Amino acid sequence: MNIVDNREVIIKGNYDVIVVGGGIAGVSAAVSAAREGAKTLIMEKSIMFGGLATAGLISWYEPLCDSNGKKMISGIAEELIQLSAKYGFDNLPDVWKDGNNTTQTNKKYATYFSPTIFAMALDQYLIENNVEIILDCMATFPVMNGSVCEGIVAETKEGKVFYGAKSVVDATGDADIFAKAGAPVVSGDNYLSFVAHGINHEAIEKYNNNNNMLFLRKWFFEGSNLFGKGHPEGMELAKGLTSEDITWFVLAGRKLLFDKIKDQDKNSRDVTTLPSMPQFRKIRRIVGEHEFVAIDGEKFDNAIGSCGDFRPNGKGKHYQIPITSLYNKNYSNLIAAGRIISASGDGWEVTRVIPVCALTGQAAGLIAAINKDGINNINYIELANKLKDNKVLFV
Ligand SMILES: Cc1cc2nc3c(=O)[nH]c(=O)nc-3n(C[C@H](O)[C@H](O)[C@H](O)COP(=O)(O)OP(=O)(O)OC[C@H]3O[C@@H](n4cnc5c(N)ncnc54)[C@H](O)[C@@H]3O)c2cc1C
């Protein structure tokens, strides 16, 4: 059967920058582009901003500093950690409450946050920064004219719609736009991990002792840790590239938790929030001009900022990320942000966490806003100066 989709395309607005995906990277990119004066639209297929950090219930903001308390990341990533802690509970150490610590400390500039309250705060953050928002809008493919993306076709309640753009940031978490543009991409492997939030007697007691909602919201963590410990024996690794794969991964994760709680006293606990997006760490990333592999201390003369290493073996490690990890030269106005940038091995591990997604998002949004003559002709000095003016650190 050959099914042809000849439905009429409803033409919507034209934008300087369209950001596809409203996770942390997308929010950062959209705010960054709009602050640069670009008419910016953020397009999100769900109805909530924050992606894995909020809808995915991850809600632990990895550190903005290295293990010695040296701040590695600021700019929008720091605005967002502060925003995540502003209206809901947090456990930012006192030295980092206002972000201004300059002394050596082993206290991490990291925090738990309420994913639901943070998601609401992100709505207002986008609106206050003049970003136009379209929710419940699934980008289906980029309209390519040679190397140039002329805009995005999306599926909405109204049907098939088109939004025109001068530049597009792919912040989909799985390089959906690059892949559908025909760009080279690489897929990842995922252990089965499952996070849900709930409440139980132990949490209530902790809350009563501390009078702090942080203790009332309990993180139920099932399955594998980051390194594969706890992955069900014999279970294949998931890719997240087909609905079938996503379905078994999600059902298997929910079953792990259900099997654990179903025989407990039903009045003793509740599962209050299930993740509303699949919790894959690495789905797909672009093949860019530089594959970032995280070599400690390596500097780039085209860096877009720096980061540390959140992992136990990452103590004291410093990295810079080059602009060339955010694009493929054959796609002149597509820019990658967040966990889809061109990175492999340790490079993918350190760049996929929330603060680094915010950093690459901020850079991607700015690149998109100033991209006039194609990605290969970006004026790097102008970009670096603007990033520094916007508090991005180059350590
Ligand atoms: C189990 C697990 C534990 C983790 N633990 C931590 C941790 O403790 N701390 C930490 O900092 N990080 C952690 N991470 C990593 C981190 O949460 C994510 O990598 C990061 O939040 C990704 O941000 P992003 O914006 O790049 O992508 P995402 O959060 O995936 O956002 C992508 C957004 O794009 C939308 N989208 C996708 N396709 C389309 C489309 N076609 N059209 C429109 N919208 C679309 C999605 O709905 C989503 O909102 C963890 C991840 C996992 C899975």
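Me: Where do I start with the overall size of this chain, and what would a compact globule of 395 residues have as its radius of gyration?

Reply: The radius of gyration is taken over C-alpha atoms, and the globule rule is 2.2 Å times the number of residues to the power 0.38. For 395 residues a compact globule would come out near 21 Å, and the chain has 21 Å, which agrees. Along the principal axes, the C-alpha atoms fill a box of roughly 60 × 60 × 40 Å. Bear in mind that this is a predicted model: local features need pLDDT of at least 70, side-chain atom pairs count only at pLDDT 80 or more, and totals for chains, interfaces and linings use all residues. Numbering starts from 1 along each chain as its sequence is written.

Me: How many helices and strands are in the chain?

Reply: Helices (H or I, at least four residues) and strands (E, at least two) are DSSP runs, numbered from the N terminus. Here the chain has 10 helices and 16 strands.

Me: And what share of the residues is buried?

Reply: A residue is buried if 20 or more other C-beta atoms lie within 10 Å of its own, exposed if 12 or fewer, and partly exposed in between, with C-beta atoms placed from the backbone. In this chain, buried residues make up 47% of the 395.

Me: Which domains is the chain divided into?

Reply: Domain bounds come from an automatic or database domain assignment. That gives domain 1 (10-188 + 283-389) and domain 2 (193-273). Their C-alpha centres lie 27 Å apart. Across the boundary, 10 residues of domain 1 are in contact with 11 residues of domain 2.

Me: What classes of residue are on the side of domain 1 that touches domain 2?

Reply: Ala, Val, Leu, Ile, Met, Phe, Trp, Tyr, Cys and Pro count as nonpolar, Asp, Glu, Lys and Arg as charged, and the others, Gly among them, as polar. On that side of domain 1 you get five nonpolar, three polar and two charged residues.

Me: Which residues have the most contacts inside the largest nonpolar core?

Reply: A nonpolar core is a set of buried Ala, Val, Leu, Ile, Met, Phe, Trp, Tyr and Cys residues joined through C-beta atoms within 7 Å. The largest one has 109 residues, and Ile18, Val169, Phe178, Ile335 and Ala336 have the most contacts inside it. Helix α9 (residues 354-370) gives the most to this core, with 11 residues. Both domain 1 and domain 2 give residues to this core, so it lies between them.

Me: Which residues are closest to the ligand?

Reply: A residue is near a molecule if its C-beta atom, placed from the backbone, lies within 6 Å of it. Here 36 residues surround the ligand, and the closest are Gly21, Gly23, Gly51, Gly173 and Gly338. Elements giving two or more residues to this shell are α1 (24-35), β3 (60-61), β6 (138-145), β10 (193-200) and α9. Of these, α1 gives the most, with three residues. By class, the shell has 18 nonpolar, 11 polar and seven charged residues.

Me: How many buried residues does helix α5 have?

Reply: Zero among its 10 residues (201-210), so α5 is hardly covered. Asn211 follows α5 and lies in the loop between α5 and α6 (213-216). Asn211 has a positive phi of about 55° although it is not a glycine. With 7 C-beta neighbours inside 10 Å, Asn211 counts as exposed.

Me: Where does Ser59 lie?

Reply: Ser59 is in the loop between β2 (40-43) and β3. Its phi is positive too, near 50°, whereas its surroundings hold 24 other C-beta atoms within 10 Å, so Ser59 is buried.

Terms used
Contact = placed C-beta atoms within 7 Å.
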